[in-house]
Amino acid sequence: MELPKLYNETEEWSQALMLYDAALKEINTKLEILNNEFKLAHQYNPIEHITSRLKSPKSIAKKLLRYEYELNVDNIIEHVNDVAGIRIICSFTSDIYRIADLISKLSDIKVITIKDYIANPKPNGYTSYHMIVTVPVYLSSVTIDIKVEIQIRTIAMDFWASLEHKIYYKFEGNAPEHIRKELKECSELVSYLDQRMLSINEEIQSYSAQQSIEAIVDEEEGKKDTKKDKKEQKKTDKNRMLLGFGALFGQGG
Ligand code: 0O2
């Protein structure tokens, strides 16, 4: 993104932050609309919840230092992709890919990179789906494309990542071997749990689909029965009428 040059870095940074914040708002609204549309069409929410954050200045500085860039606004904008970050939490792994696909089809969103840590988990066991996208922010005189990192994961993946994050910071990246090993094992349990939950959900879905078919069949059968009942009723009424006439004539004769 190209920012108009201002007199000092502080002013430039405030402007950049305002744009990153606007980008988060834009994406949040788009996601809310997608979720509502999906709910209307399929009677369920693929998104459990969404959180968003602007990266802390300390975290930004650390990242630039790690990448060996000088700390200035231009370098932050160019090299730190997750100043604006959104995390989407889904129930099932299939929802992750569904949401990612919907996002990438939005006409004004450009997908810059994708990292699929679900298909390719990190060596420590981290799983999540990452997208770096740009979203246009419309200002009074100019439109600027702003980078946002979108992380999409299941509730179970999120549970694992938040504990791992805490442990990572607690031990400053040097957690004892047995803790790392246990975390790795837990990540395998997480993906096992996600698979089991997904297959239970698929079974439930097929039941509901079967039930809907049965309900339609029952309804149709019901309609047929009503028609048959009406026909039978008409026949009985007719017979009664004839009997009535017969009796009448009999009486008269
Ligand atoms: P924080 O505190 O969440 O901001 P790149 O974007 O390509 O320049 P980067 O940033 O390493 O390189 O990209 P990647 O791999 O997409 O990771 C970005 C973010 O994903 C991290 O941001 C974490 O939020 C999350 N993440 C990645 N790997 C791990 C992991 O092993 N454990 C956990 N718990 N989270 C992870 P930050 O800046 O590290 O942290």
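Biologist: Which residue with a positive phi follows H2?
Modeller: Glu68 follows H2, and its phi is positive, near 60°. Helices (H or I, at least four residues) and strands (E, at least two) are DSSP runs, numbered from the N terminus, while residues are numbered from 1 along each chain as its sequence is written. Please keep in mind that this is a predicted model, where local features need pLDDT of at least 70, side-chain atom pairs count only at pLDDT 80 or more, and totals for chains, interfaces and linings use all residues.

Biologist: And how many residues of H2 are buried?
Modeller: The number is zero out of 10, so H2 lies largely in the open. A residue is buried if 20 or more other C-beta atoms, placed from the backbone, lie within 10 Å of its own, exposed if 12 or fewer, and partly exposed in between.

Biologist: OK, what about Gln43, where does that lie?
Modeller: Gln43 lies in the loop between H1 and strand S1 (47-54), and its phi is near 60°, a positive value in a residue other than glycine. Because 8 other C-beta atoms are within 10 Å, Gln43 counts as exposed.

Biologist: Is Glu172 buried or exposed, then?
Modeller: Glu172 is exposed, since 7 other C-beta atoms lie within 10 Å. This residue is found in the loop between H5 and H6, and its phi of about 45° is positive, just after H5.

Biologist: Which residues of H5 itself are buried?
Modeller: In H5, the buried residues are Ala156, Met157, Asp158, Trp160, Ala161 and Glu164.

Biologist: Switching to the ligand: which residues come nearest?
Modeller: There are 13 residues around the ligand, and those that come nearest are Asn81, Tyr126, Ala161, Glu164 and His165. Helix H2 (57-66) and H5 are the elements giving two or more residues to that shell, and H5 gives the most, with three. A residue counts as near if its C-beta atom, placed from the backbone, lies within 6 Å.

Biologist: What does Ile88 touch?
Modeller: Leaving out residues up to four places away in sequence, Ile88 touches Leu31, Ile47, Ile50, Ile99, Ile150 and Ile152; contact means that C-beta atoms, placed from the backbone, lie within 7 Å.

Biologist: Last one: where is confidence lowest in the chain?
Modeller: Confidence is lowest in helix H6 (residues 177-252), at a mean of 80, and highest in strand S3 (residues 110-116), at 98. For the chain, the mean pLDDT, which is the predictor's confidence in each residue from 0 to 100, is 88, and 93% of residues reach 70 or more.

How values were computed:
Contact = placed C-beta atoms within 7 Å.
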